Amino acid sequence: MGLVDERGRLTPRLIDGLYVEAMVLADEARSYFDTGGRDDRLALDPLDRVGFSCESLKVTTRLMHVIAWLLTQRAVAAGELSREQAGASERRLGVAAETDLALLARLPEAAADLIRSSEELYGRVSRLDQGSLADDAGGSPARSLLSRLQRSF
């Protein structure tokens with residue numbers, strides 16, 4: 001079974017796999033940033049401690065955007081939402097803040113790994129979301145851009 005079915009929709013297998021990955025990563029991030037990384041954070045200079053906290057919030061935000069998007073895709077697959085309802089702008093993948101690359105280089109490796117993992121997962125899901133935008137707009141990149149602009153206003 002591939003990534004999309006015969007109608008060009010994401011397969012439940014793909015959605016479920018990404019959902020499990022996102023939930024496991026969210027649990028790892030919560031565990032590290034809430035308890036396991038406490039000593040790592042305290043070893044940083046004061047400014048980097050603030051950055052560490054900001055990056056932990058960015059990880060959480062990225063993962064919550066991914067999980068919300070995947071739950072929407074599950075609802076479509078289950079027939080609880082139409083594809084048109086799921087394509088509404090408020091149901092698209094949310095925008096996540098960029099990681100501070102200079103700070104990333106100064107963070108403990110465990111924190112940096114979680115940050116990179118959340119960015120990588122968010123990037124994969126973002127590409128899937130952009131692909132579904134192109135599908136909604138008839139496959140044309142220009143129509144996809146026009147559709148995105150219309151949804152943003």
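Close-up 1. At 31% relative accessibility, E21 is classed as partly exposed, a term for residues between buried (under 20% relative accessible area) and exposed (over 50%), computed with a 1.4 Å probe on protein chains only. The model is predicted: local features need pLDDT of at least 70 and side-chain atom pairs count only at pLDDT 80 or more, whereas totals for chains, interfaces and linings use all residues. Residues are numbered from 1 along each chain as its sequence is written, and side-chain values use heavy atoms, with hydrogens and water left out. The side chain of E21 forms a salt bridge with that of R124, at 2.4 Å from N to O. Because R124 belongs to helix 6 (residues 109-136) and E21 to helix 1 (residues 12-36), this pair ties together parts that lie 103 residues apart in sequence. Helices here are DSSP runs (H or I, at least four residues), numbered from the N terminus. A salt bridge requires a side-chain nitrogen of Lys or Arg within 4 Å of a carboxyl oxygen of Asp or Glu. R124 is also partly exposed, with a relative accessible area of 25%.

**Close-up 2. The salt bridge between E119 and R62.** The side chains of E119 and R62 meet at 3.9 Å, N to O. E119 lies in helix 6 and R62 in helix 3 (residues 46-77), so the pair links parts that are 57 residues apart in sequence. E119 is partly exposed at 28% relative accessibility, whereas R62 is buried, with a relative accessible area of 2%.

Close-up 3. E109 and R116 are joined through their side chains by a salt bridge of 2.7 Å, N to O. R116 counts as partly exposed, at 35% relative accessibility. Elsewhere, salt bridges that share partners join E21, E120 and R124 into one network. The whole structure contains 10 salt bridges. Side chains of opposite charge can pair when their charged atoms come close.

**Close-up 4. The surroundings of T99.** T99 is located in the loop between helix 4 (83-86) and helix 5 (101-104). T99 is buried, its relative accessible area being 9%. The side chains of T99 and E55 are joined by a polar contact of 3.3 Å. Such a contact is a pair of N or O atoms within 3.5 Å; within protein, one must be able to donate a hydrogen and the other to accept it, and residues adjacent in sequence count only if both atoms are side-chain atoms. Leaving aside neighbours within four places in sequence, T99 is in contact (heavy atoms within 4.5 Å) with E55, K58, R62, L104, I115 and E119.

Note on methods:
Helix = DSSP H or I, 4+ residues; strand = E, 2+ residues; numbered from the N terminus.
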